[in-house]
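These are my notebook entries on a structure that I went through entry by entry. The order follows what I looked up.

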Amino acid sequence: MGDMSIDRTDTTSVEAILRDELARGNRALSGVAPVISHMLASSGHALVSDAIVARLRGMLMDLACQLIAASMSKADGQTGDIDEAVIDQVADHLAGDSDVLGHLYALAMEGHLTERLEQRSSVDPVLSPLLQELIASDQAAIAELAMTTLAAQSRFTQSQRRMELPLGELPSDLFVAVVKRFKKAAHADDRDRVSQAMKDLKNQYDEGTGRLGLLARLVSSMRGGAVAALELDHAGLALFVSGISALTRQPRDLAVLACHERQAARLALSLRAGGLNPEAIERQFLLIEPSEMLPSGIAAMSPERARDLLGGSALPYANGFGLGAG
């Protein structure tokens, strides 16, 4: 772990170094979109592995299956027998939306990191100590919300192992985008039937019951105690990245990607901006990537200054890769 003392380091120089590291991290992320868009599993691209691409492709195929099944008339009796070529075609069409693709990439990365943390650091993928405490809350509303979140997180881990994603788990803007793309791709003779089926899907959709919405509400319910979500082994990865997102006002998908080893500056600044002291930040680094050097200068940086640096490190590609919304 790097030396956190900056007694002999000028503050301006430290901030310049951190800005440079953020810029390098942004460039690494910007290279992901074109690689993923072409579904290239290149071992030379550190942010894109075979496992991540496999998860992403599986989720695209699963979304395609759900859309096709929903569009079939029950009278057809064909919902259990969908042409694989049609599934591939719809999945490829969905992959043409960079926002959808970017979100699925972040979910695939979250699933991958969740499993890695369980294997390497025994971080529970579903029932973390913090979630247990919230379930045991004497406030009935918080306890119920925590129990519902537990069930949603359990479904997420199972879905990731199967490389699936229920349509209802998409954020509202991406749910609408997926439905629109599917409707637009429908043959002229099928458009009325498909439009009605998609209308039915929209009527059934409720963003608040999805895992991401539940996690956001749970972090919000903690109020000033939300900083507890920034202790990874105590909170679990799902609450950890939702806590980073809430406390630093970054998109949650970006908080997930900050946990990759090439995003050390963003992660360190995010944790400092969220209120962690340097020793606590170092503990998170040891869990996430033990070999990664903690950026110097964090020890003397105020949370306010960390937020300023994060705010000034805009991602020019973010709105086109699923990272433009909170």
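**Entry 1: a buried leucine.** I began with Leu-18, which is buried at a relative accessible area of 1%. I take buried as under 20% relative accessible area, exposed as over 50% and partly exposed as in between, with a 1.4 Å probe and protein chains only. Leu-18 belongs to helix 1, residues 11-30; helices here are DSSP runs of H or I with at least four residues, numbered from the N terminus. I then looked up Leu-269: its C-alpha lies 8.7 Å from that of Leu-18, although 251 residues separate the two in sequence.

**Entry 2: basis of the values.** I note that the model is predicted, that local features need pLDDT of at least 70 and side-chain atom pairs count only at pLDDT 80 or more, while totals for chains, interfaces and linings use all residues. Residues are numbered from 1 along each chain as its sequence is written, and side-chain values use heavy atoms, with hydrogens and water left out.

**Entry 3: salt bridges.** I searched the whole structure and recorded 10 salt bridges, each being a side-chain nitrogen of Lys or Arg within 4 Å of a carboxyl oxygen of Asp or Glu. Side chains of opposite charge can pair when their charged atoms come close.

I looked up Glu-289 and Arg-116, whose side chains form a salt bridge at 3.5 Å, N to O. This pair links distant parts of the chain, 173 residues apart: Glu-289 is in the loop between helix 15 (278-288) and helix 16 (303-311), and Arg-116 is in helix 5. Glu-289 is buried at 14%, whereas Arg-116 is partly exposed at 21%.

Next I looked up Glu-231 and Arg-283, a salt bridge with its closest N and O atoms 2.9 Å apart. Here too distant parts of the chain are linked, with Glu-231 in the loop between helix 10 (211-221) and helix 11 (232-235) and Arg-283 in helix 15, 52 residues apart. Glu-231 is buried at 19%, and Arg-283 is partly exposed at 43%.

Within helix 16, I found Asp-308 and Arg-305 three residues apart, about one turn of the helix. Their closest N and O atoms are 3.7 Å apart in a salt bridge. Asp-308 is partly exposed at 47%, as is Arg-305 at 28%. I also recorded a network of salt bridges that links Glu-110, Arg-211 and Arg-252.

**Entry 4: positive phi.** Which residues did I find with a positive phi although they are not glycine? Ser-122 has a phi of about 55°, and Arg-249 has one of about 60°. Ser-122 sits in the loop between helix 5 (98-121) and helix 6 (129-135) and is exposed at 66%. Arg-249 sits in the loop between helix 12 (237-248) and helix 13 (252-257) and is exposed at 80%.

Entry 5: Last, I looked up Asp-83, which I placed in the loop between helix 3 (50-71) and helix 4 (84-94). Asp-83 is partly exposed, with a relative accessible area of 48%.

Technical notes:
Helix = DSSP H or I, 4+ residues; strand = E, 2+ residues; numbered from the N terminus.
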